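Colleague: I would like to learn how to read strands, helices and cavities in a model. Could we work through some cases?

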Amino acid sequence: MAEENVLQQELDKLDVAGLKRIAQLWNIPKIGKDKKTIIKNILQSMQDEFYLKGVLEKLSATQVTIYTSILKSKSNILTLGEISRKISMPPVNTEMELGVLKRYFLVYQRKNRERLTNNLDKYYYYPESGSHVLLETNEKGQKFRLSFPKILQDRKITPEWKKILGNRAGSGGQFNADAANRASENENLDKIFAALNETEREVVLECFLQGGVLEINRAREIISSKRGKWEDVTRHLNDLGLLLDEYYIDEKFIRALVLPQELFQYLQDYPLLQSQRRRQKRQEKKAINDLDFYLNIKKMISYISRKGLNLAKSGKIKQVDLKETENRLLRPDISLFIEKSQIYQIELLLPVMRLLDIVRVKQDDVVLRNNYEEILSMPDFELLDLVFKEMAGARNRRVRYEDVFEPMYVPFFMRSILDECVGIIQKREKVMYFVIMATLIREKLVKAKNFRIKNFQQQLAEMRRELTSALFYLQLLGFVTVEYPDRWVELSELGMYYLKARPLDRTDEQGGVIINPDLSLIAIPEKVSIQGISTLKCFAELKTFDNVYTFQITRESFQEGLLLKYKPDELVSILKATSRGELSQNLTFSIEDWSRTLPLVTITDECVVLQTQDSNHMELLLGQIAGKKIVLQKISPTTIIIDQDKIYETIAYAEKLNLIVKLIR
């Protein structure tokens, strides 16, 4: 029997139902109706690399070892015994694995009729399919570094490329070197990407987002969700050379769509956007957070001090506090990642305040502790520096806090990742957020020496989580400016100042603030310094922001500024520097009046009272503990309030003076 006729003869033995089952295994969509036509279409499809890849990717690691061993053998033949030894499995189990390969019509068997044992049964591969199988590996990642012009050379010119390149498309219907180089020019790439339909654009975009590699199953999911035809989309993108349908051996046959290097670089500079229909739902705006987050820390201290913060029995923040704090606090823009935009500010503030060690949980309450007054009095830029350093070192923390103090929704950033994001933004000056993510995914994952596709999804999820954290906090902390709806990112003035040590550009200019008789203010951001805007936000209620700020000064808002430890002179200084005229008497009188008396009532929880019977004894004790941050307040000549954490230290000083201690608890 001639070897090249074996497949034809094996197929001839099957009825139409059996042939249809083979076509289904090979995912052949159109096979015809009569037996002769079906066999002809199956034979053609088995020699088509596209369908062959579809079968190879289904094989297990053991089946791949068996099949490739037969393909590599010098005589193109292996006996059952030889195969069994190669895979270290008993002949019975080996036959089961070979049965799968036979069912796919990748190999066929010739039984040994001379002996009782079947170990000498011979197995051959069908040359119709086997001769097209590439036994390539990807040890050096060469499959992910394919060159676009080299790929195009000697390929057939598609109608799309023919239309774009015109008479210089090459001769004989194939790309030559000159035509391939012309196709790589930005002008022509613009046209070919513009010619793609929505489904094809989505597949290319997803491949770019994954660093230029898209697993075949993920591509199927995207195409299926768009109700597209899997075969048509994949073949078309592969024929155009935009996404290459590649496969290689890594235990199994790994199949993936790969974006050529030149196209990845092109999409970094000219990113593909989502469909116009989806983008129109969001309005254009430019968001800068400046010092809002740091001011919110102070406002949160004031809120806990004035209102208290009682937790639910589950240890979570009550809904009423979530909503009330959201109304009282400033609202920095956190919509860079839409799924994170619904996080309440208090959920972002409490973990940072715990890092600063100014809050703790006491029974069912979140209470202030330690040097929170120092945080209130701290200048904004000093607080910025402290907060950033604490967040940058948070990953090294070994102690786990209560859930309410853990950054559950957005983990604190990894400093090295944040620095790399900043580097890309600075290099490109203005870049879309997903280009930053795609670039680092490619550099740190896809190009890594130990990259394996089987670990890719897990590593990709972890890397995206780290990148999301870095970019989220860059926006929250005011270091980047975001332009919507496409979310272009650039370093803000504050980011350049703190991260790159560039002096602040904005200064207070006359005409920067317009003061109305009803004490409402209009502030133009370009003409008021960052510190100036922050001071206005302290003493005035922010009403709206649409290219300009609208504020309203009220007694309550002004007193809030005093509680935040800002001085009235700071507000007056900003208003004088930015207003074209003199400050009105109404405004001046209101500021003076509201500054005189602050109707403050102080309630101290769990005070430690220290009393002596003789004022002389108190003077002796005060002489020992003065300057040691033990005394909080002196009530009378014989009574003081001390820090509850300093009880034992105070006892030691008292005993040194031979005073008799009576501890009441």
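Modeller: We will take the features one at a time, keeping in mind that this is a predicted model.

Colleague: Let us begin with helices. Which residues of helix H2 are buried?

Modeller: The general idea is that an α-helix has 3.6 residues a turn, so residues three or four places apart point the same way. Helix H2 covers residues 16–25, and its buried residues are Gly 18, Leu 19, Ile 22 and Ala 23. They lie on the same side of H2, because they cover an arc of only 145 degrees around the axis.

Colleague: Which exposed residues does the face of H2 turned away from its buried side carry?

Modeller: That face carries Arg 21 and Gln 24, which are exposed.

Colleague: Now a single residue. Does Ile 249 count as buried or exposed, and why?

Modeller: The cut-off for buried is under 20% relative accessible area. Ile 249 has a relative accessibility of 18%, so Ile 249 counts as buried. Its place is in strand S5, residues 244–250. Sequence separation and distance in space can also be read side by side. Ile 249 and Ala 61 are 188 residues apart in sequence, while their C-alpha atoms are 9.5 Å apart in space.

Colleague: What should I look for in a sheet?

Modeller: Strands of a sheet pair through backbone hydrogen bonds, either parallel or antiparallel. One case here is an open sheet of four strands, in the order S13-S14-S16-S15, with antiparallel pairing. At its edges are S13 (513–515) and S15 (541–546), each of which pairs on one side only. From one strand to the next, the twist averages 20 degrees.

Colleague: How many bridges are there between S14 and S16?

Modeller: Four bridges link S14 (residues 520–523) and S16 (residues 548–552), in the antiparallel sense. Within this pair, Ile 522 stands opposite Thr 550 of S16.

Colleague: Which strands pair with S19?

Modeller: Strand S17, residues 608–611, pairs with S19 in the antiparallel sense over four bridges. There, Val 608 stands opposite Ile 642. Strand S18, residues 631–636, also runs antiparallel to S19 and is joined to S19 by four bridges. Ser 636 has Thr 639 as its bridge partner in S19, and Lys 634 has Ile 640.

Colleague: The last topic is cavities. How many cavities of 30 Å³ or more does the structure hold?

Modeller: The structure holds one cavity of 30 Å³ or more. The volume of the largest cavity is about 50 Å³. Next, read the lining, which includes Ile 343, Pro 407, Met 408, Phe 412 and Tyr 473.

Colleague: Which helix gives the largest share of that lining?

Modeller: Helix H20, residues 345–355, gives the largest share, with three residues. By residue type, the lining of the largest cavity divides into nine nonpolar, no polar and one charged. Glu 347 is among the lining residues, and Glu counts as charged.

How values were computed: Residues numbered from 1 in each chain as written. Predicted model: local features only at pLDDT ≥ 70, side-chain atom pairs only at ≥ 80, totals over all residues. Heavy atoms only, no water. Pairing = 2+ DSSP bridges. Helix = DSSP H or I, 4+ residues; strand = E, 2+ residues; numbered from the N terminus. Axes fitted to C-alpha atoms, helices over the stretch in contact; angles between N-to-C directions. 1 Å grid on protein atoms, 1.4 Å probe; cavity = no way out; pocket = protein on both sides within 12 Å on 5 of 7 lines; lining within 4 Å. Points joined across faces, edges and corners; volume = space filled by probe spheres on them. Buried < 20%, exposed > 50% of the residue type's maximum accessible area, 1.4 Å probe, protein only. Arc of directions from axis to C-beta.
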